[in-house]
Every structure is written in structure tokens, then in C-alpha cells.
Amino acid sequence: MGNPKAFLEIHRQEAGYRPIHDRIHDFGEVEQTLNTRERKLQASRCMDCGVPFCHWACPLGNKAPEWNDALYKGDWELAYKLLNSTNPFPEFTGRICPALCEKACVLNRFNHEPTTNREDECAIIEAAFREGYIQQRIPARNGKRVAVIGSGPAGLAAAETLNQMGYTVTVFEKNEAAGGLLRYGIPNFKLNKAIIDRRIALMEAEGIEFRYNEELRMKSEEFATAHGSEKDSSLFTLHSSFDACIIATGTPTARDLKVPGRELKGVHFALELLSQQNRVLAGMEFPIDECITAKGKDVLVIGGGDTGSDCIGTAHRQGCKSVTQIEIMPKPVEGPDDPQNPWPNFPRTLKTTSSHEEGCTRRWNINTLEFLGEDGRLTGVKVQEIDWKPNPEGGRPIMVEKGEPFIIKAELCLLAMGFLKPEHPEYPENVFVCGDAQNGASLVVRAMASGIETARRVHEYINSKNVK
């Protein structure tokens with residue numbers, strides 16, 4: 001530890017966001033960066049704890065104390081090597097990770113000023129690209145082939161890990177470009193897509209093949225009839241052509257809200273808006289009758305999570321008239337600690353994002369009753385305030401009505417209520433599932449960790465077959 005007193009002398013300093021009046025007029029990344037001197041000072045605050053809870057909290061096991069120390073001492077190349085030893089894509093997590101490590105930081109328990117690990121991580125990887133520390137690594141091939149279905153964070157992490165082990169990896173992607181949720185679900189103002197393109201170009205240079213616009217069917221009943229057909233696009237044809245296959249297709253089915261009026265024009269799943277806007281920014285054009293826009297409209301977002309927040313920021317940039325966000329669950333605790341969910345659990349406290357700061361009416365304990373419209377178009381949403389009572393039989397609390405129903409004016413309603421965990425048939429023994437496809441919707445960092453772990457299981461499986 002370079003400066004053992006830094007955590008006592010230097011306060012936490014975040015880079016912050018671009019001014020609101022500036023950032024809401026474009027889709028450029030909202031987060032700013034510190035200069036090199038300030039970044040090194042922030043890295044010096046890491047105490048190199050005897051028991052580094054940040055290691056434990058990070059799904060990837062990132063060695064934050066080690067690379068923070070190297071960063072403080074000005075050895076950016078060493079900092080990159082330490083970071084990359086556990087994290088294949090720090091440029092993604094350094095921008096969008098909720099920083100589980102920071103919530104576990106001893107300084108967070110001490111004075112709620114944890115080390116700025118996430119921002120430090122992003123600074124390290126950007127310096128590595130800028131200074132040329134990142135070079136192509138093309139390993140010797142072992143003659144084995146693996147298919148990865150899906151190019152989201154889990155699929156990319158699995159492909160990267162297996163490629164560096166010497167496998168010939170082919171990634172199948174149903175969309176026109178790689179990235180999955182990173183590309184089509186997260187707005188550019190949080191993650192510029194040039195960052196993804198830069199990484200994909202490097203992976204291709206290192207030997208990974210990406211095949212786009214190829215969607216593979218995965219129904220088990222197809223196996224008996226489709227096996228062996230070169231023209232068929234089922235997984236059960238594919239698996240026989242590779243030594244192993246990894247399914248990393250995420251959670252494609254959004255949770256719906258089946259109340260009267262759901263069919264009205266103007267009611268959309270959140271990802272319909274987010275993915276279309278990202279495609280528009282990439283140069284794709286859509287017919288006018290297919291465009292989803294918040295311009296000049298009162299917008300209602302149903303769902304209080306990160307996806308809902310992304311809808312708010314997107315609506316502002318499209319020129320909305322107003323934005324309201326409602327959540328059926330109670331308002332989280334305001335403050336750094338949650339007495340109902342104490343350490344070492346992740347604190348469920350009120351989160352105010354950059355999008356919320358741009359303007360939004362937020363309400364909790366609101367249940368949606370009906371979508372209202374005229375001439376087939378949405379004009380408002382009937383909702384009702386509710387409360388939650390403890391269930392005498394245990395389990396989920398009981399929802400009870402509170403007050404009279406009322407109407408929220410809205411010409412655009414976005415459903416951001418999460419995703420359904422996929423169900424899978426029984427696959428052949430050389431087919432593996434990872435990421436959200438296996439565990440249900442979660443964090444990008446957890447999907448990456450799952451992809452790496454699954455790649456290792458694939459390696460063990462293929463080696464066991466070779467031994468026999």
C-alpha cells in the first residue's frame with residue numbers, strides 16, 4: 001500500500017456527470033472522467049485490507065487492492081494486467097457495473113466513502129487501449145471447436161475465455177451486431193457502442209468468428225427429425241458439428257402487464273424503445289408507423305429498476321413533455337444503509353440515477369388497473385395506490401387497496417418490469433447454459449462471471465472425453 005494514510009486524508013471524489021442542460025440534447029456518455037492526478041489520488045485511498053471484502057463481493061473476483069496500488073504508483077500497465085487477469089471486459093463493467101465491490105469496501109462500512117473502484121477500473125482499461133498495452137493474443141489451436149449461441153456479456157466472456165485456451169470459437173448471434181443487452185438494451189449515454197465495436201474487432205482479430213442474423217431454434221422435439229440436416233437451424237443440428245455448445249441467449253421474454261387496454265397503440269415493452277433508439281443511432285431507419293418516440297408526449301414508465309431509468313433518460317433525449325415512473329413495491333429506504341437488509345447483503349436503498357436527475361415524477365406502491373385510450377391510441381393509465389400487509393402464512397406480503405383509483409395522463413407507456421427466467425429442455429451432454437439464460441435476469445458482471453465459469457466447465461468436459 002503506497003500511502004497508508006490516504007483514506008484518512010483524501011475524501012472520495014467522483015467524476016460526476018455532464019451538466020443536465022447539455023447532456024439531454026444528445027446520446028453521448030453522461031459520465032465524465034477525472035484527470036490523471038486526481039485518479040491516482042483516488043486509487044491511493046484503497047487500504048489493502050487484511051480481509052478485502054471487495055474480492056468476495058465481486059462476481060469476477062477482481063483484485064481491486066492490487067490494481068489500485070499499481071495505479072496510485074503510476075504503473076498503468078501493471079494495473080491493466082492485474083485487472084485483466086480476472087476481468088475480460090473492464091470497459092463494460094467500468095461503465096455500467098453497480099460496483100458490488102464498493103458496497104463491500106471497508107471504507108463504505110467506516111464512513112460511506114468507498115474507494116472509487118468502478119471509475120478506477122474504467123480509467124485503467126481506457127489507458128491500456130490508449131497506450132497500446134492491449135495487444136492481439138492468438139493462441140495455439142488445440143483442434144477443438146466450440147459454438148457460443150448469443151453474444152451478450154455471458155457469451156462474449158465464454159468465447160474470450162475459450163479462445164485463449166486454444167479452442168476455435170464460433171459465436172452465433174440472431175441480431176445484426178454483437179453485444180446483446182450491452183448493445184440493444186443499454187442506452188448510448190451510458191455505454192457508447194463504439195466501445196463494444198472496439199472489443200469485438202479485437203476478438204475477431206484473435207480468431208473468434210461471429211456469425212450474425214442467425215437465430216437457432218432450441219425445442220427438444222426437433223432433435224429427432226432435424227439431427228443431421230445441414231439446412232436446419234436448430235441447436236440439435238449444431239451440437240453435432242462442434243465439440244461443445246454454450247447457450248448464452250439471455251432472458252428474451254419481458255414480463256408483461258395483462259390488464260384491459262394492453263393492445264392500445266402507445267403501450268410498449270421497454271426494450272422495444274431502447275433497442276430501436278440504439279439502432280437508429282447506429283444508422284438504421286424505420287417506417288414512420290413503426291417508430292416509437294416520446295417526442296411531445298407525456299410518458300409513463302412502469303417499473304422502478306435500471307431499465308425503467310434508461311427509458312426515462314431516452315424519453316428526455318427524444319423530447320418528451322413529461323415523465324412519470326411508478327413502482328408497485330414500497331419506496332426503498334433513503335440513505336446509505338438499509339436496516340432491513342444489513343451488511344453483508346447489498347443495501348436496498350433509494351437509487352437516483354443520472355436519468356432521474358434530468359426530471360421525473362416518481363411514485364411507489366402504485367398498481368396498474370387499466371390502459372385507457374381513444375381511437376385505439378393510449379391517452380392515460382388508470383392506477384391505484386396500494387399497501388402491503390404481512391402474510392400470516394409467510395411468503396410474499398399481501399397487496400391491499402388504498403384510496404380511490406386515479407388516472408395518469410400518458411400517450412406513451414413503457415413496461416419495464418423485468419424478464420422471465422427461461423425454461424430449457426433436456427440438452428445433449430455437450431450443451432451448456434450460462435448467464436441470464438441459466439440464472440434469470442441479473443447484472444452484466446454476474447453474466448460475465450457465469451460465462452467464464454461455463455467456459456471452464458466446457459474445457460473440463462472436452463478434456464475428460466479426450467482422456468477416455
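Strands β9 (residues 366-374) and β10 (residues 377-389) form an antiparallel pair held over eight bridges. The model described here is predicted. Glu374 faces Arg377 of β10 across this pairing. Two residues lie between the strands of the hairpin.

Strands β2 and β3 run parallel and are joined by three bridges. In this pairing Thr170 stands opposite Glu209 of β3.

Aromatic contacts were examined next. The structure contains seven aromatic pairs. One of them joins Phe172 and Phe242, with ring centres 6.2 Å apart. The planes of these two rings stand at 85°; the pair is therefore edge-to-face, a class that requires an angle over 60 degrees. Phe172 belongs to strand β2 (residues 168-172). Phe242 sits in the loop between α15 (235-238) and β4 (244-247). The two residues are 70 residues apart, and their pair links distant parts of the chain.

Helix packing was then considered. Two packed helices are described by the angle between their axes and the distance between the axes. Helix α5 (residues 64-72) packs with α6 at an angle of about 170°. The axes of α5 and α6 are 7 Å apart. The two helices are therefore roughly antiparallel to each other. The crossing of α5 with α6 is left-handed. On the α5 side, the contact involves Glu66, Trp67, Ala70 and Leu71. These meet Trp76, Leu78, Ala79, Leu82 and Leu83 of α6. By class, this contact comprises eight nonpolar residues, no polar residues and one charged residue.

Leaving aside residues up to four places away in sequence, Leu82 touches Glu66, Trp67 and Ala70. Asn68 is 14 residues from Leu82 along the chain, and the C-alpha atoms of the two are separated by 9.5 Å.

Another helix pair is formed by α10 (residues 117-131) and α13 (residues 193-205). Their axes come within 13 Å and cross at roughly 55°. Helices α10 and α13 are therefore oblique to each other. Their crossing is left-handed. Ile125, Glu126 and Phe129 of α10 meet Ile195, Arg198 and Arg199 of α13. This contact of α10 with α13 has three nonpolar residues, three charged residues and no polar residues.

Conventions. Residues numbered from 1 in each chain as written. Predicted model: local features only at pLDDT ≥ 70, side-chain atom pairs only at ≥ 80, totals over all residues. Heavy atoms only, no water. Axes fitted to C-alpha atoms, helices over the stretch in contact; angles between N-to-C directions. Helix = DSSP H or I, 4+ residues; strand = E, 2+ residues; numbered from the N terminus. Parallel < 35°, antiparallel > 145°, perpendicular 65-115°, else oblique. Left-handed = near helix turned anticlockwise from the far one by under 90°. Contact = heavy atoms within 4.5 Å. Nonpolar A, V, L, I, M, F, W, Y, C, P; charged D, E, K, R; others polar. Pairing = 2+ DSSP bridges. Phe/Tyr/Trp six-rings, centres within 6.5 Å; stacked < 30°, edge-to-face > 60°.
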